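Hello,

Here is the structure you will be taking over. My notes on it follow below.

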Amino acid sequence: MVGFITGEKPGVFAISANNRADSTKMEDHPFDHPIHDVEAFIRNAIEIFKSHRPSIPWVIREALKNSKSYDEAVTYLAETKLITSTFYIVSGVKPGEGCVLALTKDDLYGKYSLDADNGIWYLVQTNYDRD
């Protein structure tokens, strides 16, 4: 499986992924923490393989390959179930095209968009949720 954590579709959009360290249990990030509980680690690894969910690099690769616009890419990224939580930082080429998507394994947790008319002309994202 080949994929990317950062990519650009020239003249259309760019995507970057960032680890989302929400208030999580090890089950949400099975490979991000030292192994304190081997049994939980094995349980998590099995769940990843059983879930048939794509990895984050694979999702980015598919978005770059198949999305024809910024909006299509954002929709695809927001709706695709993952193997772990993540942040996607997405930028477009038109004014106002820029957002941060905060995702759990199953759902969109939050979307933060550029909105220059209301003074939001840049976004900053760390590894932690905004709330």
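His 52 sits in the loop that links H1 and H2; helices (H or I, at least four residues) and strands (E, at least two) are DSSP runs numbered from the N terminus. The model is predicted, so local features need pLDDT of at least 70 and side-chain atom pairs count only at pLDDT 80 or more, while totals for chains, interfaces and linings use all residues. Residues are numbered from 1 along each chain as its sequence is written, and side-chain values use heavy atoms, with hydrogens and water left out.

His 52 is not a glycine, yet its phi is positive, about 55°. Most residues other than glycine have a negative phi. With a relative accessible area of 71%, His 52 is exposed (buried is under 20%, exposed over 50%, partly exposed in between, with a 1.4 Å probe and protein chains only).

Helix H2 spans residues 56-66, and its buried residues are Ile 56, Val 59, Ile 60, Glu 62, Ala 63 and Leu 64. Their cover includes strands E1 (6-9), E2 (13-19) and E3 (86-92), along with helix H3 (70-79); contact means heavy atoms within 4.5 Å.

Glu 8 is part of strand E1 and is exposed, at 56% relative accessible area. Leaving aside residues up to four places away in sequence, Glu 8 touches Phe 13, Ala 14 and Leu 64. Glu 8 and Leu 64 are 56 residues apart along the chain, and their C-alpha atoms are separated by 7.0 Å.

In helix H1 (residues 38-51) there is Ile 42, which counts as partly exposed at 45% relative accessibility.

Regards
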